[in-house]
Amino acid sequence: MQVRRSSILVLLAAASTLLAEERVEFNRDIRPIFSDTCFACHGPDEAKTKGKLRLDSLEAARRGGKSGDPAIVPGHPERSAVMKRLLTTDADDHMPPAEFHKVLSKDQIDLVARWIKEGAVYQGHWAFQTPKKPAVPTIPTGGNAIDGFVAQVRTAKGFSGTPEASRPTLLRRAALDLTGLPPTEADLTAFLADPSPDAWSKAIDRLLASPHYGERMAAQWLDFARYADSNGFQSDTTRTMWPWRDWVIRAYNTNKPFDAFTVEQLAGDLLPNATEDQIIATGFNRNHRLNGEGGRIVAEWAVETVIDRVETTGSTWMALTMNCCRCHDHKYDPISQKEFYQFFAYFNSNEESGVLGEFGGAASTRKGGNTSPTYSFATPEAKVRLAEVEKAIVAAELAVKSAAKVVPAAQTAWEQKLRQGFTGKTASWAMLTGTQAVSKGGASLKQQPDGSWLAGGTNPDKDVYTVTAPATTGQLTGLLLEVIPDASLPTQSLGRAPNGNFVLSGVDAVLTLADGKKVELDFVDAQADFSQEGWPIKSLVEGGTATKAAKGAKGAKKAQPARAKTGAGWAIAGNDAENRVPRKGLFIFTPTTVPAGATLTVSLRCETLANHNVGRFRLSTTGLPSSLISLKDTPQAAELRALILKDPAARTAEDRKVIAKAFTESPEHPKRAADAQLAGLLNTKNTLPGILDVMVMKELAQPKDAFVLDRGEYDRPGAKVERKLPAALPPLPAGEPNNRLGFARWLVNGQHPLTARVWVNRAWENFFGTGLVKTSENFGSQAEWPSHPELLDWLAVDFAENGWDMKRMQKLILMSQAYRQSTVVTPEKLEKDPENRWISRGPRFRLPAETIRDQALAVSGLLVPKVGGVSVKPYMPEAVWDETSVYGDMRNYKADTGEGLYRRSLYTIWKRTAAPPSMLLFDSATREFCTVKRFRSNTPMQALSLLNEVTFVEASRKLAELALRQPGTTDQRLAWAFQRVTSRPGTPAELAVLRKGLDRRLTAYAADLPAAKKLLAIGQSAVPTDLDPAQLAAWTVTTNVLLNLDETVTRE
Amino acid sequence: MNCNDRDFLGLNPADRLALSRRTFLKQSAGGIGLAALGSILGPSAFAGKPEVTGFPNFKPKAKKIIYLFQSGAPSQMDLFDPKPGMAKFRAQDLPASIRQGQRLTTMTSGQKTFPVAPSIFNFKQHGQSGMWFSEVMPHIASKADEWCMVRSMFTEAINHDPAITFMQTGSQLAGRPSIGSWASYGLGSVNDNLPNYVVMSSFGSGRPDDQPLYDRLWGAGFLPSKHQGVKFRNKGERVLYLKDPEGMSRDIRRESLDEISALNQQRHGVLGDPEIQTRIAQYELAFRMQTSVPDLLDFSKEPQHVLDLYGPDVKRPGSYASNCLLARRLCERDVRFVQLFHMGWDHHGGLPKALKGQCADTDHATAGLLTDLKQRGLLDDTLIVWGGEFGRTIYSQGALTETNYGRDHHPRCFTVLMAGAGVKKGYVHGETDDFCYNIVKDPVHVHDLNATIMHLMGVEHTRLIYRYQGRDFRLTDIHGELMKKVLA
């Protein structure tokens, strides 16, 4: 190794001149360098350690690596191998290696040398040390404790702050920060008119008390929780989790302390006597995506589901990137792969499949819905309604009981009727031994030895099979369709779709009498031994295209074929292995007499989904009384038939019991009306709006085993592990259960070094644009050193000490001078403090996506300020969901009419694979995974959206209308509109620009009224008839200008 | 100014920018002071100057990419990888020695037998190179000597969502930037009127009900959102919010933009925040896009013989053919990364018919695109990639009949085509076993393909990194070997 000794000496000389200043501190100065450039090979990941050398502790560094030379000799950089390796010109020896593409600057090398010279004092990573409350430096006049810390740093950096922002700007800033809406005129007037010293404090209190405060805070939490209204992945179907979202809004509005906020969401289900709210709160850990793709391997995605939880929890509460450890020990942070899976073990014992659908079945995955475990509950309104219905049910049940009195007479009549029906009948079902079967779409239909027909050849998009056969003389009451799996069919299943499924969309049956006359059979009911969820056979006889209202000429009911509504039908989930078994579908006719010599033509229609044609089928008919036709009780039916035909005198007590039971179940029973009443009420109860279920956590009685997964792969389990917290963090306190509950409490017990720091840093980030730790998403050893470490710790300890009171903590920040500063910036500050890390001015940054839209709705008066409830469908571009859900139950997006168009953006329905485009354009998260930080980009697409998107054009029009209805002159109205949008009065120069443009447009639109009317027709809200269209159009463009100002989309 | 004017197109990008600046100055006179010009005209629309320095790392072979993604996974043994030896194994169970216990999707893992289904299609050799193609792709086959065929692709995922996400982002899980976003981030834009990364999609006729496409496939992940792909939609408004509202004339729009600029300028005078200048510039770029996009989408000046290259479907907006022509027009305008997604390749059953449908959608236009680019000299610096997210099984999913069969997902091998800048012509890379089940020569992982694409764009894939959550991320994770043998 060529060591340039001289260069070390030069370096040391340079370093020594700096020694007069502050000491080099490992955490602030050295750890970032080592972490970035050395730890990947000489850090915590034992498996990857090169040359047996670790540099993450002094002990290891002194010991050195394979060569035996101490890497670091405290006080002696010239004897430290680290320095030699950093300085050598020998490419083979130089560190970091060239292929690593990491180069240390001269300043960095200098710092390392100084640090060694000063004794090479290591420190544990600052974020892993429990914070202590530092003394507050001198507080500047008019400031609070925060300003003591801010001023100390700012002065040291050679800056002064800026004066307080103007009152309108200040109130708008706080209103947007705390409620996501601009200040109301009343709030603004009150604040401007309040000369008292605590005017600002009162204004903040008003904002914190607003019901919209919870909405603003929740919007961010939804990103963390990856909340959405869809399941994600391939068909991205619906789910219902908005009750959880409303829990979050309530929690913020009621100022639930952050410790309870944490414990309830992570482990509410495990709290003693958990309340409904505490259970709903655990939806946090069910908001992840769930894979429902046809071929998914359940074991694989069950692991991904748990890992998602681990990552989300790690990022949200600890700002740790746990995910690095699923495959290997962490490169930078002291978390091993084993510890990752020990952590995993807290989250894997939920009563769940881990994939979409109940415990792995694929049947319902295109229909969506919630996946177990779920929790059912009623909204307050529903609870009232439920009590009413339950009362009515009690009454109906009484009525059912009293119906028994008329039973004997009715039974005698019923038996009589049956006896007549049975006379002469032998077999229950006669196979329709067709002579002919034709496929309309050109498939081949070949008859099999068992009498069934097998389809082959072409598989058209839609097909109709028509079978013609002699009909059995006598009564015709039912048709049996048997569908049979066949090895020749896709997936060796029953249908011809690529996945082995079929969808039967209709059946018709027509008798052709000997004289050629045709009699259509009337389908009254259908049953199946199995129907795919969402595809019931009943759909063929309920609400088909030929509705029950279609009557014959004389009011007689016209015969109805079996017909499903468009897009519906009977399917059997043929894609699932367990469903590749014979299935029966049964159709009941209004009894029809078949004379001798008639033929029956049955058509099976598969016209709903492309290629979903029946594969192999067999048909049979019956003349049994309809009450005896059932798929389930053929032997019982035979037994009953014998009993009915038996001489009543010869019946035993057992016989009478069987007959009575059959009668009880028959539609002729007098209880039927009473039962129908009861069934109707029960149905009302079951479908009561506001009776909801939401996905929650439910711990298994016996924890599931957890294993270290080799390379993070589900099918490579290694050593079994138990629940345990990472050794680098404080241990679980004695007496705490070693489960999710203990884990959640551990996060917020005041000893945890990360939780409070992470949370106050996020609050700071919300209010200042950048956190005190800029890398708010990562507090690990790659984190940036805090700009104000003491302030961070002081805030964190203060927060925890004061009961984790979120509103108090936020108010503290807003009360500071730092927050109240004006955002005016000088070129000098821009150069020396470009990111405002030293708080040399007030923070100015673009508003979040939701706030931009909500503000436009608010200032235009369109906003419907209702809090909570089911998600809504505002305007979205045509076909916005088409490509993500060619199947699935979220397709053909159709905007709401009325209030759904004007609710706050956090209520917009969120489909993960196609999130609302106007939100994505403004940097919202996709909610496919936990996102704890958003970008703030500035793109032409944003401009186009604000200029042209229907929401903003309509808001402009409504704002113009409000302006025109203001008293006063045009200039006064312009001034009003300007202030309405920006909260501040416009300057004469600004108003002059607006006036000039407005006048030009007034002329233009007066000359082109059709154009004006076209502009005004945009959006669903009513266009006033009492305003001049040219006026309103010209003003609409002007108010659109206002909504597009940089100032408008920015909180200043 | 019409950006499609021949004169304008004849200019080099720098001159074009200068010209558009002058035009812009004229148009927005009075709106903005001269002092603001530097910052207005500096940053470009979408990616602008790259945020990272040092890229390209070396002279790029490909300045532009047209990536023709065939979503759903085309069947390699029915299109590109002939296995004539399979005829004698017809309907026999796939030997365990070939399957080697590899995992299957739950769609076929329950099958009792795995009957070998030889391709129903005839293969022929084409061109000087003698490259094999199936009869269903006559046009693509006619370009045999342009293609570089990689028969030895493999991937890790076995289901669509994770697999297509893996191809696009180098990770099966959502959240990483797409390949186009990486390119935009690293290399910036050379076009100042159009997005840097454009995405289009089309529905297949072979299997109309699949496969979904997700925003994340062209998302920027943790990269700044301006690098996300801009969707040119196949229905409704082609570029979201591009059109002025009904009843607003271009004059009124221009005037209103001038007012916005003037007011923003005044505010900048008070506050001094440079972000205000950026916003002013973005509004001007938006205005320019409003002119340049309709012009881009207007095929009326395309001569018939050019339209004919793409086949009759080119006249149907939103079709694959139409998207191919649009891709050429974007390429002409120096849009760096254009990606087409064509749906409908997932043929679990009824493959012969469905595959013909897909080829009818794509064969003619793909070849036409190659011809068109070549005759304009654009193929010299444009890379074409054609491929899906995995391959399909040699065994039939469900019944095997004389005329029909289906194939399940198969991650162990599949074929990808490349052409154009920097790749060997008429060259076949890699080899699969007799059952088209395992790779026997030159395996190419998804990371390798992505590393190679980046390389052709002048980017050393290990160097284009982004620090997020304390970790350095890259498209190829910690993997990726350059496919040296395919480089020209």
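## Basis of the description

Two strands are taken to pair if DSSP finds at least two bridges between them, and strands (E, at least two residues) and helices (H or I, at least four) are DSSP runs numbered from the N terminus. This is a predicted model, in which local features need pLDDT of at least 70 and side-chain atom pairs count only at pLDDT 80 or more, while totals for chains, interfaces and linings use all residues. Residues are numbered from 1 along each chain as its sequence is written, chains are lettered from A in the order in which they are written, and side-chain values use heavy atoms, with hydrogens and water left out.

## Strand β5 of chain B

Chain B contains 14 helices and 17 strands, and 67% of its 488 residues are buried (under 20% relative accessible area, 1.4 Å probe, protein chains only). Strand β5(B), residues 197-202, has 6 of its 6 residues buried, so it is largely enclosed by the rest of the structure. Y197(B), V199(B) and S201(B) point one way from the strand, whereas V198(B), M200(B) and S202(B) point the other way.

β5(B) pairs in the parallel sense with β7(B), residues 337-342, over 6 bridges, and S201(B) stands opposite F341(B) there. A further 3 bridges join β5(B) to β6(B), residues 230-232, also running parallel, with K231(B) as the bridge partner of V199(B).

## Helix α22 of chain A

The N-terminal end is capped by N739(A), which places a side-chain oxygen 3.0 Å from the backbone nitrogen of L741(A).

Key. Polar contact = N/O pair within 3.5 Å; in protein donor to acceptor, adjacent residues only side chain to side chain. Buried < 20%, exposed > 50% of the residue type's maximum accessible area, 1.4 Å probe, protein only.
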